[in-house]
Amino acid sequence: MSPFKRKRAGQDSVDFKPKKGKLVPDEGKGLEEVGREKEHEITVPAPISQGKWTNKERVLIFSSRGINFRTRHLMQDLRTMMPHAKADTKMDRKDKLFVINEVCEIKNCNKCLYFEAKKKQDLYMWISNSPHGPSAKFLVQNIHTLAELKLTGNCLKGSRPLLSFDPKFDKEPHYALLKELFIQTFSTPRYHPKSQPFVDHVFTFTIADNRIWFRNYQIIEEDGSLVEIGPRFVLNLMKIFQGSFGGPTLYENPDFRSPNMHRREMRLAAAAKVREKQMVKEMQKGKKTSAKEDLESDVTADVFLTPAEEKPADIQREAPETKVVKKKQKAFKRQRMQMARR
């Protein structure tokens, strides 16, 4: 392999032959001591690693149909940060998950990150060791991509990252299993053809609120100062399976709540607030009507009213006598006319 080709591959900085060196004399030493040191030579042994790409980890990153633009950009960011990742076309949601093992075998991948979208608003992520397992299923929340964060940073593309884990990963067995999965999936293999021989960013996995928080920081100075460059997301563990995309359940998160249940609780809480407001309005209306009734009925209005004297009751034991009314006899019309003539 010519030096030019080795330079393009990024391996010219490693010399695999033993080197010989001489001791450099100090100014304060005498001539006799300097002459003795010149006679001795130091042989630096060759490094143990021969610069060969031995770790053949490859990760397949793809998704199902129905994902939104944010998930698509997140997948692209992960492929950019992981030079050992491969892409594939979207999988139909009607297909069973066991088909992914065949896709990984065709793509010559032994790790898989599969994003599954449901109801066009919920995103699930499978991380699996294909084809024998284990595998884990997460609910992905609070996704922020590189384009959304717009944070400062100029991380080298294809450089190998440092993986930083929370101390809680070593305290519980299911977190220890997830730590090993994350190490084998997100770490870039040494001497990978597409990787760079530099370490300038850190992947952090932190456990808080029973969730795993992923952050990406760039090392900007030699003193170890960090700046976040993204992407960022939160993984809520659902289940860990013994096989790849199925099999016996090794662990189930007791604190996990499905998004449907969470949305139902939010709707019930909103309805309870509306009912409470209506009850408060009805109580205020009742208070206003009672105040109006009190104003209309004045208590002091009966102060100046004097009661009338009571009359003795006169009880008639005998029926009253009937009065005879004499009717006047009217003259006939002829007689009235004769009387008028007279």
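A salt bridge here is a side-chain nitrogen of Lys or Arg within 4 Å of a carboxyl oxygen of Asp or Glu. The views below come from a predicted model, in which the count by this rule is eight salt bridges.

**View 1. Salt bridge between E265 and R257.** The N to O distance for this pair is 2.4 Å, so the contact meets the 4 Å cut-off. E265 is partly exposed, at 33% relative accessible area. R257 is partly exposed as well, with a relative accessibility of 42%.

**View 2. A network of R215, E228 and R232.**

**View 3. Salt bridge between E148 and R70.** The closest N and O atoms of the two side chains lie 2.8 Å apart. The pair connects distant parts of the chain, its residues being 78 residues apart. E148 belongs to helix α5 (residues 146–149), while R70 belongs to helix α3 (residues 69–81). E148 has a relative accessibility of 32% and counts as partly exposed. R70 is also partly exposed, its relative accessible area being 28%.

**View 4. Salt bridge between K179 and D170.** Side chains of opposite charge can pair when their charged atoms come close. In this view, the side chains of K179 and D170 meet with an N to O distance of 3.2 Å. K179, with a relative accessible area of 21%, is partly exposed because buried means under 20%. D170 is exposed at 56%, since the limit for exposed is over 50%.

Note on methods:
Residues are numbered from 1 along each chain as its sequence is written. This is a predicted model: local features need pLDDT of at least 70, side-chain atom pairs count only at pLDDT 80 or more; totals for chains, interfaces and linings use all residues. Side-chain values use heavy atoms; hydrogens and water are left out. Helices (H or I, at least four residues) and strands (E, at least two) are DSSP runs, numbered from the N terminus. Buried means under 20% relative accessible area, exposed over 50%, partly exposed in between (1.4 Å probe, protein chains only).
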